[in-house]
Protein chains: 2
Amino acid sequence: MPDTTDSAPPMLDTDIAARLRRTDDGLIAAVVREHGTGEVLMLAWMDDEALRRTLATGHATYWSRSRNEYWVKGETSGHRQYVRAAALDCDGDALLLTVEQVGPACHTGTHSCFTDELTVRPGVPA
Amino acid sequence: MPDTTDSAPPMLDTDIAARLRRTDDGLIAAVVREHGTGEVLMLAWMDDEALRRTLATGHATYWSRSRNEYWVKGETSGHRQYVRAAALDCDGDALLLTVEQVGPACHTGTHSCFTDELTVRPGVPA
């Protein structure tokens, strides 16, 4: 009898999947920071399959909420993200990716996506 | 006739509100990094009112998805976050807060919430 294990569709490791706490639409937030500088570059979204692909390939892969499809960061722009490390947070709803960023992370051409500064009243330590 | 403008409930600035792109349950992701070190400490969630309170007070205020209530970070633990800067990302679904963190950011007692390291295959630049 043939062993069919290898022909099963790949799935995210069940231990990892059990630790995720997803949004109503099945996603976790992926915070992306730059290896070396530590700069926060962007935030994107992952479902279980995007996380599986990211961990298996080392190429940051997300779920596009606007296009409803997977995207490998930089596949068309060339602005790839080579993953150096990945860590879940304490309640499993967010992932911190540390990446080597090729070119700008933002589709607008800026290095980081977080460029829209808001005015905030400084909190004064009591 | 009295001017009743000032008695209206405070609302998030309409220009800012118009730039937000919320999850189905009305939230944006708030990435929190530490002033000075740049370390990514945690990710939490905000609705419009949590963002309004954060910007108005300088005390990081979130929406708890598990308790369905607002929480001022550190109000009970003392591990407050004094906000130094806030920036939206290019598509308005995430906020980067830069904070002075008092004590550990994580309720588990660690400085950062991102302590659950996952094994990732390093992406090799082509």
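How much area is buried between chain A and chain B, and what share of it do carbon and sulfur atoms give? In this predicted model, the buried area is about 4,300 Å², and carbon and sulfur atoms account for 60% of it. The contact involves 53 residues of chain A and 53 residues of chain B.

Polar links also cross this interface. The rule finds 18 residue pairs in polar contact between chain A and chain B, with both residues at pLDDT 80 or more. The side of chain A that touches chain B draws at least two residues from each of α1 (14–19), β1 (28–34), β2 (40–46), α2 (48–57), β5 (81–88), β6 (94–101) and β7 (116–118) of chain A. The element that gives the most to this side is β5(A), with seven residues. By residue class, the side of chain A that touches chain B has 28 nonpolar, twelve polar and 13 charged residues.

Next come the charged pairs. Side chains of opposite charge can pair when their charged atoms come close. Over all chains, the structure holds 16 salt bridges, and four salt bridges are found across the interface of chain A and chain B. A:Arg19 forms a salt bridge with B:Asp116, where the closest N and O atoms are 2.7 Å apart. Another salt bridge joins the side chains of A:Arg52 and A:Glu49, at 2.9 Å from N to O. Both A:Arg52 and A:Glu49 belong to helix α2 of chain A, where they are three residues apart, about one turn of the helix.

Strands of a sheet pair through backbone hydrogen bonds, either parallel or antiparallel. For β5(A) and strand β7 (residues 116–118) of chain B, the sense is antiparallel and there are three bridges. This pairing is part of an open sheet of five strands, in the order β2(A)-β1(A)-β6(A)-β5(A)-β7(B), with mixed pairing. Why is one side of β2 of chain A and of β7 of chain B left without a neighbour in the sheet? Both strands stand at the edges and each has a single partner strand, so one side of each has no neighbour there. From one strand to the next, the twist averages 30°. Helix α2(A) packs on this sheet and touches β1, β2, β5 and β6 of chain A together with β7 of chain B. The direction of α2(A) makes about 125° with that of β2(A).

A further open sheet of five strands runs in the order β7(A)-β5(B)-β6(B)-β1(B)-β2(B), and its pairing is mixed. Its edge strands, β7 of chain A and β2 (40–46) of chain B, each pair on one side only. The twist in this sheet averages 30° from one strand to the next. Here β7(A) runs antiparallel to strand β5 (residues 81–88) of chain B, and three bridges join them.

Conventions
Residues are numbered from 1 along each chain as its sequence is written. Chains are lettered from A and ligands numbered from 1 in the order in which they are written. This is a predicted model: local features need pLDDT of at least 70, side-chain atom pairs count only at pLDDT 80 or more; totals for chains, interfaces and linings use all residues. Side-chain values use heavy atoms; hydrogens and water are left out. Contact means heavy atoms within 4.5 Å. Buried area is the accessible area (1.4 Å probe) that two parts lose on being put together, summed over both. A polar contact is a pair of N or O atoms within 3.5 Å; within protein, one must be able to donate a hydrogen and the other to accept it, and residues adjacent in sequence count only if both atoms are side-chain atoms. Helices (H or I, at least four residues) and strands (E, at least two) are DSSP runs, numbered from the N terminus. Ala, Val, Leu, Ile, Met, Phe, Trp, Tyr, Cys and Pro count as nonpolar, Asp, Glu, Lys and Arg as charged, and the others, Gly among them, as polar. Two strands pair if DSSP finds at least two bridges between them. Axes are lines fitted to C-alpha atoms, for helices over the stretch in contact, and angles run from 0 to 180 degrees between N-to-C directions.
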